Amino acid sequence: MKNFIYDMHTHIFPQKIAEKAVSSIGSFYGLSMSRGGFSEDLIESGAKVGVEKFLVCSTATTPLQVTAINSFVAGEVKKHLEFIGFGTMHPGFENIGDEVDRIVDIGLVGIKLHPDFQKFAIDDAEAYPIYEAAEGRLPILFHTGDKRYSYSNPERILKILKDFPNLTCICAHLGGYSEWDKVAALKGYLGNPNIYFDTSSSIRFLDPKTSVDIIRAHGVEHVFWGTDYPMEQHTVERDNLMALELTDKEKQMIFRDNAVKFIGDIERRLKKN
Ligand SMILES: [Zn+2]
């Protein structure tokens, strides 16, 4: 089979800590995890549905982990041509600007933040240096939404976009995990041109019509497909998108075309600077 899908949301860990890392994410969400959480296993799972590229990332839960995780992800990207790497950052990190420069130097093309794991609110002043360093340069993939916490509340995204109008955000999980009603009601959020969504860990929790409504209300051209690997099997997430009442063209945009354009634009922008 020809590989044609971009998986825009996956997590990898060094193999020796993968099992522990994966089980702690599973207990955070009260969900069973489907896969192993390391590069070779990711590639094997993706091959079942024809994934051509994987956006890989990992989250630093303390400032001390930031540089090691960035170096690890960059190393995996060098080893696996099918990987697109996003770095990590932490609001408590001392030299945010320097590390963001290094993120670019070592070939990573974005930053992933998980406010609920990292225990900061998206619009906390202490996170602003990250947005300053990333604006106009690197997109930020935010975990958004968790009704148990307010750190990653989607409303906070709109606040930072007021202060950083050239920041590009990917708001994971259709804009707000477990808070999809809030997403739909939040004025100025759906359809915001600075905001992209991914479909990871969301379609499987929603009725099909709600997924389609959110995707179309936001704009199909601003939606990527993602599995949240190792949370879910590639075959399952592929089937979840396929089952939605979207046109073939819309599915092709979400599975591939939007991501090709998005990543291409970032890479061109980074090369120019
Ligand atoms: Zn994630």
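Let's start inside this predicted model, at Ile-140: leaving aside residues up to four places away in sequence, Ile-140 touches Gly-110, Ile-111, Leu-113, Ala-134, Leu-167 and Cys-169. Ile-140 also belongs to the largest nonpolar core, which has 73 residues. Together with Ile-111 and Phe-142, Ile-140 touches the most other members of that core. As background, nonpolar side chains in soluble globular proteins tend to be buried together.

Next comes helix α11, which covers residues 248-272. From first C-alpha to last, its 25 residues reach 35 Å, close to the 36 Å expected at 1.5 Å a residue. The helix has a kink of about 55°, centred on Ile-254.

Strand β9 leads us to His-222, which sits in the loop between α9 (208-218) and β9. Is His-222 buried or exposed? His-222 counts as buried because 21 other C-beta atoms lie within 10 Å, and the cut-off for buried is 20 or more. Not counting residues up to four places away in sequence, His-222 touches Ile-195, Tyr-196 and Phe-197. Arg-35, by contrast, lies 28 Å from His-222, C-alpha to C-alpha, with the two 187 residues apart in sequence.

Methods:
Residues numbered from 1 in each chain as written. Predicted model: local features only at pLDDT ≥ 70, side-chain atom pairs only at ≥ 80, totals over all residues. Core = buried A, V, L, I, M, F, W, Y, C linked by C-beta atoms within 7 Å. Buried ≥ 20, exposed ≤ 12 C-beta atoms within 10 Å, placed from the backbone. Contact = placed C-beta atoms within 7 Å. Helix = DSSP H or I, 4+ residues; strand = E, 2+ residues; numbered from the N terminus. Expected span 1.5 Å × (residues − 1). Bend = angle between axes of the 7 residues up to and from the residue.
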